[in-house]
Amino acid sequence: MAVTVTNSKVHARRQKVFRSVFETQISQPTPLLPATEPGQPFGGPSAAFLANTPRLTHPANDQVRWDRAWHVVTSRIQLPSSVAAEDSFGTLAPDSSQDVDDAFRSSLLLVLNPASALPNASHTEDILSWHSQQVRQHFVNHVLPLLAACTSQGDHTQVLLTSIRTLEAANRQYLYGLSLILRAFRDEDAANAAVVKFRRDLHAIIGNSWTQGLLDALRDVFNRLATDVLRAGDMQASSPEPDKEEDSEASDSRGELLRILESLSKVGLAGEKFQTLFAEVMNSCMDAFIQRNYAGVWTSSDDFGASTVSTVFGGCMAHLGDWVENHYARLTVEVFSRMGSKIEWSDVEMWKNVAIGRLSTLRIHELFDIVLSWPESKGGVEDLRSAVTTPQRRLQLTDTFSAALQKRLLQPGRSTLYILQTYISMIRTFHALDHSKVLLDRVVHALQLYLCQRDDAIRIVVTGLLSHPKETTPEDSRGKLVELAAILNDASLQQRRHVDDDDLDWNDMHWLPDPVDAGVNYKRPKNEDVIGTLISALGSSDIFIKEFQSIIATRLLSGQPSIQQEVKVLGLLKRRFGESALQNCDVMLRDIQDSKRVDAAIGKSLELQQDQDGNSISFHSKILSRLFWPSLPKEPFTVPETVAEMQRQYEASFEHLKSSRKLNWLDNLGLATVHLELEDRTLTIECKTYEATVIYAFGQDEAAGEQGPVKRTFNDLWQKLMIDEDLLEEALAFWVSQRVIRDVGDQTYVVLEKLEGDVENAGADAAQATGEMEGGPPSPRKAKGMSAKEQEQRGIYWQFIIGMLTNSSPTMPLAQMMMMMKMLIPDGCSWSNEELQDFLEEKISAGELELVGGKYRLPKK
Amino acid sequence: MDYSTQDNQNAAPGTLDAAKLNGARKPDSQSVTKRLQTELMQLMTSPAPGVSAFPSADGNLLTWTATIEGPDDTPYTGLTMKLSFAFPSNYPYAPPTVLFKTPIYHPNVDFSGRICLDILKDKWTAAYNVQTVLLSLQSLLGEPNNASPLNGEAAELWDSDPEEFKKKVLGRHRDIEEE
């Protein structure tokens with residue numbers, strides 16, 4: 001209710017404004033009578049009276065006659081004031097009798113030509129302008145409120161139709177009045193001119209009478225109809241079968257739309273405002289169409305087959321161009337021809353460009369998803385490639401994509417593997433999009449920076465390269481970049497460019513100039529080169545090779561039966577990095593192969609001795625050339641006596657075999673097969689050497705005749721085996737999880753001779769043990785939470801500090817130490833000032849360092 | 001105690017200029033730096049007992065200071081000797097200039113600290129490095145080459161009167177930090 005109240009208020013105000021601008025105080029149907037002759041009857045359309053007084057020629061009489069004629073005419077064409085029903089103007093005033101008409105005609109003649117017919121009438125007016133004034137006033141007073149009432153209806157179509165009907169009726173009414181006047185015109189041209197003028201006036205009034213409600217209604221209706229019409233161009237509609245049905249629906253809508261349009265233009269609503277509105281409607285239609293048809297549709301171009309008209313654009317582009325030409329432009333042309341204007345062909349071309357621009361914007365925003373679903377999304381990339389041609393669009397593309405990358409990929413929630421997989425897809429997608437690689441270079445920077453923070457990136461890539469492309473089952477491949485192995489093994493992708501200076505290759509018929517937006521040092525790549533791009537993103541090839549070496553080292557030492565995969569990958573990598581860079585790996589592989597032979601030879605000579613000794617441990621080794629292997633952690637511990645004896649024999653025969661070489665045992669890196677005989681079961685377990693050593697320690701004292709199961713404490717074992725706490729703990733956890741020993745608390749472990757009585761307990765223990773393996777329990781002796789690598793790094797840094805304080809300068813402040821370390825350590829010092837300070841504090845409290853006057857120094861011996 | 005100034009006085013002028021330049025003008029200065037960095041890293045990761053070395057405090061990689069602890073069972077046991085290394089710009093194709101900073105009484109070292117050792121002169125090859133030089137010098141302390149002495153008296157005493165030799169060694173030795 002409140003709305004209508006304000007509405008009417010607004011209307012009142014608007015009318016007030018209207019009146020202040022236009023002259024609304026028009027003369028009344030009965031004009032003023034300047035002089036009335038006494039005795040002369042006056043008032044009322046008395047035809048008889050008028051007819052009977054033609055002979056009066058007095059000036060006053062002229063005036064009277066004119067007045068009377070005016071009165072007759074005006075009262076005849078006066079518009080009804082009732083607005084009770086919308087069609088109140090629909091019914092024309094009934095044609096009265098002939099004589100009234102005659103009277104009207106003669107009066108009209110007088111009114112129209114006052115100068116000739118009534119030369120003496122001093123006060124005359126123009127009936128045409130009176131009529132338009134009257135119309136104006138009538139429109140404001142009666143039609144506008146009606147229109148306002150119309151818009152209060154709920155249904156938009158209804159609003160539109162009743163509004164149009166109202167206006168049509170008003171139009172009829174107004175024109176009827178005009179036509180009455182025009183009947184008296186003898187001059188055809190003058191009549192036409194009058195009609196045109198009147199129409200223009202009327203349309204001006206009506207054209208300015210848009211109400212918000214009507215606008216909304218019209219927009220809604222047009223939107224619906226235009227959408228219906230244009231839906232005929234949808235992708236699904238291009239299939240032949242449902243064509244008929246949808247076409248009829250579309251043509252119905254088209255008919256309705258054009259009908260409305262015609263009536264609109266008839267009542268004068270097809271003015272500027274309408275055109276603006278139509279443009280808006282068509283605009284949103286195009287958006288909706290593109291969104292509806294192409295969002296997430298990335299089928300490649302061949303799926304469309306022959307139905308596409310042009311083959312210049314692939315995929316959706318062709319379809320879109322087709323649609324703009326045959327549906328969009330058609331509707332627009334039809335609409336415009338109804339309004340009397342023409343559409344140029346260049347306009348259609350322009351629309352096409354606009355549409356393509358919109359589609360490419362859509363694709364740009366989808367690009368990240370396109371990348372994710374590569375290669376199913378080839379079609380989408382095709383679209384982009386044909387659309388992204390200007391530097392502006394390229395810039396828009398890279399900007400949008402970088403933003404998406406930051407938001408969706410480069411965050412802690414994403415696993416490194418996922419990032420790398422996405423990166424591979426990116427490399428391929430962007431290669432399809434833009435062979436020059438400029439776009440990729442622009443977006444990839446953030447990704448590369450981010451990958452540098454992920455320690456496991458290189459590891460994942462290398463394991464991916466080393467994984468076997470055929471053997472891997474889906475479960476296996478989940479954690480690996482199997483794609484890489486496939487690429488590496490794909491011979492077609494292995495072609496290296498043979499001419500490095502391709503600028504000098506005059507016979508290269510595929511030469512292209514560098515893209516305008518290429519950066520400095522730009523080099524046009526020849527193929528997509530996924531591995532090369534990936535590796536270069538991970539930093540220098542040195543780092544990659546180093547990581548490759550250490551991974552291959554662990555793989556070679558893991559006791560896998562065959563090293564074929566490694567040999568193959570190494571060969572492929574050699575082609576990429578060159579022979580010399582991978583020399584170390586070569587040596588490593590050869591070591592493994594050699595040591596097989598040497599081991600066999602030594603084994604044979606040992607067998608002879610064993611036969612004499614009656615000792616039956618089978619013992620094998622891998623002999624590594626220390627200089628060529630990455631530094632392997634050496635964690636010495638006391639190996640069981642039998643094994644140590646074996647080692648000595650082995651060493652002796654090795655030195656016999658290869659004089660001037662010496663064996664150094666890496667006790668912690670081996671594998672052992674342990675055979676356990678417990679009271680109720682025997683177990684054969686493959687385990688690490690240190691694990692074997694630990695469990696061996698549980699067996700030794702049985703001869704001592706202790707009652708019950710063997711019991712060992714952590715500290716006992718630690719002292720006896722001289723083993724690293726971490727290793728010891730790991731080994732104990734391993735045996736607990738194997739349910740061979742049990743943690744009875746207080747760091748004491750007991751052999752689990754019988755399983756049955758202990759099932760629940762053991763289960764709990766096992767669970768606990770696995771939990772511990774992951775979480776890393778607090779160690780009794782050492783500060784934990786520190787990886788072996790970090791330990792090693794701390795060791796090296798400490799050496800650095802010692803060397804620095806012994807040689808460079810006996811006392812140094814923190815900042816200088818930091819600077820020296822940053823400068824002198826080849827890979828840079830990864831510590832911050834605070835970390836270094838913490839480290840030095842630790843050393844001070846351990847008595848290995850002194851802090852005097854803000855400077856550090858080594859304590860005097 | 002600032003060693004770098006001492007280095008300036010003692011090292012050969014040519015090498016020092018090259019060291020000072022240290023910039024990008026030398027095409028191979030990069031490789032010298034890299035080599036020295038690697039050597040330093042090697043010293044840190046696998047330190048040899050009794051010897052250590054480190055670039056000078058101003059961060060110039062071409063001048064180092066080294067420390068040798070006198071080996072047991074020699075007259076130098078318990079003593080600590082400081083040395084300076086100045087690397088030429090074409091290192092490792094030319095030997096570094098090595099001098100004893102600590103005053104030392106030794107048949108192959110003269111009173112200004114210059115050393116007579118073949119591998120630092122004509123027997124130098126690029127396969128040597130700081131660590132091998134230091135280890136050679138350490139063994140030189142226990143086994144002087146008396147055939148070509150710089151200090152004739154010391155060479156004589158070494159053979160004739162070890163007691164007197166030891167006395168001379170201790171008399172000459174001074175820890176330069178104390179200065």
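**Salt bridges in the predicted model**

Okay, let's begin with A:Glu645, which is partly exposed, with a relative accessible area of 31%; partly exposed is the range between buried, under 20% relative accessible area, and exposed, over 50%, using a 1.4 Å probe and protein chains only.

Before I go on, this is a predicted model, where local features need pLDDT of at least 70, side-chain atom pairs count only at pLDDT 80 or more, and totals for chains, interfaces and linings use all residues. Residues are numbered from 1 along each chain as its sequence is written, chains are lettered from A and ligands numbered from 1 in the order in which they are written, and side-chain values use heavy atoms, with hydrogens and water left out.

So what does A:Glu645 form a salt bridge with? The partner is A:Arg648, and the closest N and O atoms are 3.1 Å apart. By salt bridge I mean a side-chain nitrogen of Lys or Arg within 4 Å of a carboxyl oxygen of Asp or Glu.

Next, helix α8 (residues 188–207) of chain A holds A:Asp201 and A:Lys197, four residues apart. Their side chains meet in a salt bridge at 3.9 Å, N to O, and A:Lys197 is partly exposed at 47%.

Over in chain B, B:Asp110 pairs with B:Arg114 in a salt bridge at 3.2 Å. Is B:Asp110 buried or exposed? Buried, at 16% relative accessibility.

Last one: A:Arg590, A:Asp594 and A:Arg597 are linked in a salt-bridge network. Over all chains, the count comes to 14 salt bridges.

Terms used: Helix = DSSP H or I, 4+ residues; strand = E, 2+ residues; numbered from the N terminus.
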